[in-house]
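Please read them with the structure open.

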Amino acid sequence: MDESRRKFDMYPEIISGDATEKTNSEERPLYFLMGKDNMNKAFAHTWCFMPSNTRWAYTWFFQDAVPTLHPGTACERVKLILTDACQQEFHAIASVIGRGKVFAYAYHRWCAWHRINRDFTNHTDFKALLAQ
């Protein structure tokens with residue numbers, strides 16, 4: 001078992017996901033799931049080049065890929081999933097949270113920084129200031 005899998009098995013309580021764009025020649029998003037260990041250090045435990053930023057791709061990732069890559073009880077022990085406000089990602093995660101699903105006891109929340117930053121940069125009062 002590699003180190004990232006071992007850490008996720010040990011510390012699955014909080015995971016955070018985000019996609020990075022334009023990292024490869026095919027321009028497919030690189031999606032990461034991160035966790036935190038007992039020393040409050042972040043570690044990446046699952047990543048892939050997504051076929052696209054669509055709901056079906058995120059559903060496949062959370063419903064099929066993550067449980068396959070992390071067999072055992074780690075997914076069931078996730079308590080919190082933090083992501084940005086991507087609607088496709090949001091709906092895909094909502095479909096795998098709840099009793100009898102992949103993340104049986106998890107809650108999904110948006111990252112506060114992403115919410116504040118999106119509201120700030122898109123707000124009409126601040127757009128002119130940011131453009132300077």
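1. Basis of the notes. This is a predicted model, in which local features need pLDDT of at least 70 and side-chain atom pairs count only at pLDDT 80 or more, while totals for chains, interfaces and linings use all residues. Residues are numbered from 1 along each chain as its sequence is written, and side-chain values use heavy atoms, with hydrogens and water left out.

2. Overall layout. The protein chain holds five helices and five strands, and along the sequence these follow the pattern α-β-β-β-α-β-α-β-α-α. Helices (H or I, at least four residues) and strands (E, at least two) are DSSP runs, numbered from the N terminus. Among contacts (heavy atoms within 4.5 Å) between residues at least 6 apart in sequence, 55% join residues at least 24 apart.

3. The sheet. The five strands form an open sheet in the order β3-β2-β1-β4-β5, with mixed pairing; two strands are taken to pair if DSSP finds at least two bridges between them. The edge strands, each pairing on one side only, are β3 and β5 (107-110). Neighbouring strands are turned by 25° against each other on average, direction ignored, where axes are lines fitted to C-alpha atoms, for helices over the stretch in contact, and angles run from 0 to 180 degrees between N-to-C directions.

4. Strand β1 and its partners. Strand β1 (residues 14-20) pairs with β4 (residues 80-83) in the parallel sense over three bridges, and Ile 15 has Ile 81 as its bridge partner in β4. With β2, strand β1 runs antiparallel and is joined by six bridges; in that pairing Gly 17 stands opposite Leu 33 and Thr 20 stands opposite Leu 30.

5. Helices against the sheet. Helix α1 (residues 3-10) lies across β1 and β3, at about 115° to β3. Helix α3 packs on the sheet as well, touching β1, β2, β4 and β5, and its direction makes about 165° with that of β5.

6. The nonpolar core. A nonpolar core is a set of buried Ala, Val, Leu, Ile, Met, Phe, Trp, Tyr and Cys residues joined through side-chain atoms within 4.5 Å, and buried means under 20% relative accessible area, exposed over 50%, partly exposed in between (1.4 Å probe, protein chains only). The largest such core has 26 residues, of which Phe 61, Phe 62, Ile 81 and Phe 103 touch the most other members. Two or more residues come from each of β2 (30-36), β3 (42-49), α2 (55-69) and α3 (87-94), with α2 giving the most, six residues. Leaving aside neighbours within four places in sequence, Phe 61 is in contact with Tyr 31, Leu 33, Thr 46, Cys 48, Met 50, Val 66 and Pro 67.

7. Burial and cysteines. Of the 132 residues, 36% count as buried. Cys 75 is buried because its relative accessibility is 4%, and Cys 86 is buried at 15%. A search of the whole structure finds zero disulfides, a disulfide being a pair of cysteine sulfur atoms within 2.5 Å.

8. Lys 22, in the loop between β1 and β2, has a phi near 55°, a positive value in a residue other than glycine, and is exposed with a relative accessible area of 69%. Asn 40, in the loop between β2 and β3, has a positive phi near 65° and is exposed at 53%. Most residues other than glycine have a negative phi.
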